[in-house]
Amino acid sequence: MSTPIPHLVIVGNGMVGHRLTEQLRQHAAPDALHLTVISEESRLAYDRVHLSSHFDDPRPDLSLATDAGYRDSGVSVVTGRADAVDLSAKTVQVAGQTLAYDALVFATGSFPFVPPVPGRDADGCFVYRTLDDLDAIREAARGARSGAVIGGGLLGLEAAGALRKLGLETHVVEFAPHLMPAQLDAEGGAALRRTIEGMGIGVHLGRNTQQISVDARGRVTGLDFADGTRLDADLVVFSAGIRPRDDLARAAGLSVGERGGILIDDACRTSDPHTYAVGECALHDGRVYGLVAPGYQMAKVAAVNVLRDLGVLDAPPAHFRGADLSTKLKLLGVEVGSFGDARGVTPGARSVSLSDNVRGTYSKVVVSEDGRVLGGLLVGDTARYADLLDLTMSGTPLSVPPETLIVPPLPGGAVTTSSDALLCSCENVRQSALCAAIQGGARDVASLKKCTGAGTGCGGCVPSLHCLLQTELRRLGETVTNHLCEHYPYSRQELFDLIRVRGHATWDEVLAAHGSGLGCEICKPAVGSILASLHGELVVAPQHAPLQDTNDAFLANIQKNGTYSVMPRVPGGEITAEGLIAIGAVAKRYGLYCKITGGQRIDLLGAHRDDLPAIWEELIAAGFESGHAYGKSLRTVKSCVGSTWCRYGVQDSTSLAVRLELRYRGLRSPHKLKSGVSGCTRECAEARSKDFGIIATEKGWNVYVGGNGGVTPKHAVLLASDLTEDEVVTLLDRYLMFYVRTADRLQRTSTWLENLEGGLDYLRSVIIDDRLGICAELDAEMARHVGTYRDEWAAAVNDPAIRARFRTFVNSDARDEGVQWVDERGQIRPADAPHLYPLPMLGGD
């Protein structure tokens with residue numbers, strides 16, 4: 001007589017409940033365990049950590065589980081809310097049926113806490129918990145102008161970011177005196193506030209909401225505070241914390257905490273020997289964990305113990321001893337890290353902090369009396385998070401002064417912390433475990449995730465995994481792939497050639513032929529750039545617009561307060577008096593800040609997004625065109641006045657600069673391009689600090705390539721000497737098109753040339769001696785670019801569909817009044833403190 005297969009029922013199918021099913025199936029095959037999951041939502045488990053990306057366009061697939069996947073692994077799914085549990089009979093009532101079980105796990109999660117304020121049930125009030133909640137918020141935002149989030153914690157700031165994505169004037173209301181009170185101290189909260197207010201989001205601290213005011217139709221109109229002030233809002237999102245969902249367990253007779261939560265022991269077992277609880281519904285040692293990483297640890301422990309109890313697994317018991325509450329995340333684009341005893345409550349603890357109002361960062365490290373790191377905070381820059389967390393968890397005594405841990409070291413003075421760094425805090429995976437997995441056969445990031453669990457939580461460590469993988473594979477003597485990303489098993493050069501040879505013209509064609517999945521923030525802009533390079537089509541055309549980052553999507557550089565800069569092209573720095581007057585008139589009419597750039601152009605800053613088409617309409621009418629200061633393309637060709645005016649000039653540098661800039665304008669490339677033309681060897685145009693530079697000689701022109709300024713300046717090297725203007729143009733045509741074809745994503749010409757096998761000699765052999773027989777192709781590709789060039793802004797302002805994308809609010813023509821300015825030296829500047837140093841996506845001149 002065969003032994004019946006034990007039946008395990010999991011109540012709940014969130015992230016932790018799904019992780020539990022994965023852990024169970026690692027240890028027990030379908031024929032050894034009958035597994036049933038009760039999913040209250042119609043959707044199976046999805047990624048709540050990245051919930052706000054549901055408002056992105058296109059929407060990513062957040063699913064963690066599928067019906068087919070569960071079916072293939074022998075997991076039965078019952079959809080509906082469990083109504084009752086009978087512990088003595090071992091049954092669960094759900095969706096009109098009775099499920100008998102041998103063991104039961106509660107993974108019911110939590111529910112949003114809504115303060116008991118009058119009006120909380122009004123039309124226009126929402127919580128921020130499920131995809132259905134987000135869909136309801138999206139629908140309500142279509143008829144709203146402004147929104148308020150009650151709660152300035154982690155989820156509250158996520159919700160604020162979502163409202164901002166929907167085009168609403170956004171406010172955050174927090175009862176505590178600073179933001180993220182559970183994670184940050186007052187100074188860290190102040191640093192975060194400055195940055196968030198700089199984005200145009202209102203922050204209201206120390207506010208006690210007395211009631212939600214409504215109109216005669218029962219719709220939200222605003223928030224009334226205890227101090228008598230009021231905040232107008234058409235939409236309110238409650239994000240004031242969570243409470244464990246323990247009602248079902250409580251009704252069944254399980255022991256719960258005084259303030260909620262199903263009591264569990266170190267085995268994750270409840271007061272009933274056949275029942276377990278994991279995740280946000282569980283109370284362990286007086287604490288409910290509201291983060292996914294502790295829930296995953298509980299799932300791992302519970303899986304082992306429940307299978308032991310059912311006789312399915314012969315293994316030592318597992319124990320949950322509590323979890324570290326350290327977190328590293330990005331809120332509204334701002335990096336925030338909190339680890340260990342961040343508040344310094346340990347007896348004898350001392351702290352060192354650095355508040356950098358120039359960079360917009362705050363760093364704090366807490367140390368013990370005997371020189372061990374106890375915890376700390378990082379706001380604005382979390383580059384050292386992994387090292388500091390590792391020091392905290394290991395208890396390693398410091399061999400350096402604690403201030404050196406948060407003060408950026410001078411070159412060559414980096415502080416060494418650990419040779420076995422903690423790379424994934426969500427799954428507690430160290431570098432040694434990852435290296436062991438690589439030595440054991442893992443050859444891509446997906447394999448590392450599967451072997452170690454690293455990168456499966458918040459995902460913040462994935463770039464570190466990629467770097468470690470490449471480093472370790474090189475150390476093992478293996479060939480390292482340079483795939484564009486996980487969706488394309490090709491380098492940028494290989495993908496460029498595939499698209500060029502096969503004539504693909506859209507993202508869908510490229511993805512269907514050569515990729516997988518839905519794409520990401522790496523491959524989408526890269527493919528968009530390749531398509532623009534090959535076909536000369538508008539990056540904001542309907543088929544290409546979803547691929548672009550913010551700058552290309554709106555054909556302007558976004559600034560730190562959410563406004564944009566406008567930079568018309570001024571070829572060679574040459575501009576007429578009429579042109580200057582026209583630019584001045586536009587700047588005055590739209591209240592813009594004016595700045596002469598290092599590339600001999602005029603930058604107009606502070607433009608509202610909805611004003612951009614009108615601004616450009618006027619500039620185009622005055623004879624200007626896009627300066628492409630926002631794109632990975634040619635920015636400027638700087639020049640001196642040359643022989644036309646200068647007594648030292650030996651060639652007409654301005655004319656050549658204008659010719660080159662008009663020829664290469666709009667050329668989409670792996671990275672931005674800059675050039676300069678000097679009329680003599682005095683080099684006033686700084687041509688040798690450019691991606692390609694030309695310096696006049698008595699016999700003609702010398703061409704230099706591979707230079708750049710920036711953090712790691714490089715002098716350009718001499719490619720060819722004493723050329724005529726036409727020879728310069730032919731040589732540069734080939735140089736640029738060869739670079740566009742073969743460089744990696746975001747690779748400057750200097751790095752490309754340094755990494756080019758054979759270096760400068762090889763480059764000469766290809767574009768001068770035609771070693772590969774491709775010079776005619778390169779010439780033709782550049783001729784096609786020149787012949788098909790269209791001004792992007794001229795096309796945008798004449799296309800009603802494209803113009804519509806520039807509205808600040810999708811449902812209103814109202815302006816964004818949240819941006820505030822102050823006067824400085826006779827012009828406007830953002831009213832906030834200076835922001836972080838420019839992000840990589842922001843373009844300079």
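Cysteine 268 is buried, with a relative accessible area of 0%; buried here is under 20% relative accessible area, exposed is over 50%, and partly exposed is in between, with a 1.4 Å probe and protein chains only. Cysteine 775 also counts as buried, at 3% relative accessibility. Before I go on: this is a predicted model, so local features need pLDDT of at least 70 and side-chain atom pairs count only at pLDDT 80 or more, while totals for chains, interfaces and linings use all residues. Residues are numbered from 1 along each chain as its sequence is written, and side-chain values use heavy atoms, with hydrogens and water left out.

For cysteine 268, the nearest cysteine sulfur belongs to cysteine 281 and is 10 Å away.

We count eleven aromatic pairs, taking rings of Phe, Tyr and Trp (its six-membered ring) with centres within 6.5 Å; planes under 30 degrees apart are stacked, over 60 edge-to-face, and the rest tilted. One of them is phenylalanine 339 with tyrosine 385, edge-to-face at 5.9 Å centre to centre and 85° between the planes. Phenylalanine 339 is in strand β22 (residues 334-340) and tyrosine 385 in helix α8 (residues 385-394), so this pair ties together parts 46 residues apart in sequence. Helices (H or I, at least four residues) and strands (E, at least two) are DSSP runs, numbered from the N terminus. Both phenylalanine 339 and tyrosine 385 are buried.

Then there's tyrosine 664 and phenylalanine 692, edge-to-face as well: 6.0 Å between centres, 90° between planes. Tyrosine 664 sits in helix α18 (residues 653-664) and phenylalanine 692 in strand β34 (residues 692-697), so that pair links parts 28 residues apart in sequence. There's also one aromatic cluster made of Phe554, Tyr564, Trp616, Trp793 and Phe806.

Last bit, the holes. A cavity is a set of points on a 1 Å grid over the protein atoms alone where a 1.4 Å probe fits but cannot get out, and lining residues have an atom within 4 Å of a point. The structure has four cavities of 30 Å³ or more. The largest cavity has 14 lining residues, with Gly536, Glu537, Gly666, Tyr789 and Arg790 nearest its centre. Helices α14 (523-535) and α22 (775-788) each supply at least two residues of that lining.

Conventions:
1 Å grid on protein atoms, 1.4 Å probe; cavity = no way out; pocket = protein on both sides within 12 Å on 5 of 7 lines; lining within 4 Å. Points joined across faces, edges and corners; volume = space filled by probe spheres on them. Disulfide = S-S within 2.5 Å.
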